[in-house]
Amino acid sequence: MRYEIKGGTLPVVEVYLEAGESINCENGAMSWMSDNLEMNTSAGGMGKAFAKMFTNEKVFSNTYTAQGGPGFIAMASSFPGAIMAVEIGPGREVICQKSAYLASTPGVELSVQFQKNVGAGFFGGEGFIMQKLSGTGIAFLEIDGSIVEHVLAPGQRIVIDTGYLAMMDGTCTMSIESVKGLKNKLLGGEGFFNTVVTGPGKVALQTMPASAVASVLAGYIPSK
């Protein structure tokens, strides 16, 4: 299997399959494909269905398999931004925002990641429930805006505003930190809490969270 990510800020990933190879993707993700791909829809078992319900993913997903020869399939992002290819393997699990998952090779497992720090879930802006990707293979994630990556050393911390955390390695931990000073909280425009990620591991940040865009656009929508 090989792939190409195209389209700039309106991205699509085209995956090229050899005969018999398969790709899994979320329900409705297919944009175009060759006519020799066979689709199989399933929930992937009760555990996976449960995980998808809690991470805002559609319960059913599709598996496309090339029949009788090579084939291709394209899957487009649902929001302006980027598509990120992530290698998953032994010792490399990743935690990502809800609804980030777009597609993956069959060896990648999607499950629920509950934040151990309840405060991080309720006030950090990333959610108490996130997605965990494990197993072996390649996963494709939707990122809002552009991708900025930082590699954190053991114990190194990065402070992140609400909604800007897209993905982190499973070796990282997430917590929340209150903005210091009442004046800063009320007048600083950054809210009351920030997300803090502590290494070791890689952190992927997104430059244009969908929630921030929605907040800006709301100001231009006239109220009835």
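Select methionine 167 and then alanine 204 in β19, which is the bridge partner of methionine 167; strands here are DSSP runs of E with at least two residues, helices being runs of H or I with at least four, and both are numbered from the N terminus. The model is predicted, so that local features need pLDDT of at least 70 and side-chain atom pairs count only at pLDDT 80 or more, while totals for chains, interfaces and linings use all residues. Residues are numbered from 1 along each chain as its sequence is written, and side-chain values use heavy atoms, with hydrogens and water left out.

Three bridges join β16 to β19, and the two strands run antiparallel; two strands are said to pair if DSSP finds at least two bridges between them.

Next, go to β9, which is joined to β16 by three bridges in an antiparallel arrangement. Valine 94 has aspartate 169 as its bridge partner in β16, and valine 94 also stands opposite leucine 133 in β12. Three bridges join β9 (residues 94-96) to β12, again antiparallel.

Colour β12 (residues 129-135) by accessibility, and five of its seven residues come out as buried. Strand β11 (residues 108-114) runs antiparallel to β12, with seven bridges between them, and glutamate 109 of this pairing stands opposite serine 134 in β12.

Return to the loop between β9 and β10 (101-104), which holds serine 99. The phi of serine 99 is near 70 degrees, a positive value in a residue other than glycine, and most residues other than glycine have a negative phi. Serine 99 counts as partly exposed because its relative accessibility is 33%.

Now select the open sheet of three strands in the order β15-β18-β17, with antiparallel pairing. Its edge strands, each pairing on one side only, are β15 (157-160) and β17 (173-178). Neighbouring strands of this sheet are turned by 30 degrees against each other on average, direction ignored, with axes taken as lines fitted to C-alpha atoms, for helices over the stretch in contact, and angles running from 0 to 180 degrees between N-to-C directions. Six bridges join β17 to β18 (residues 193-198), and isoleucine 176 stands opposite threonine 195 in β18.

Finally, move to proline 200, in the loop between β18 and β19 (201-206), where the peptide bond from glycine 199 to proline 200 is cis, with omega near 25 degrees.

Terms used: Buried < 20%, exposed > 50% of the residue type's maximum accessible area, 1.4 Å probe, protein only.
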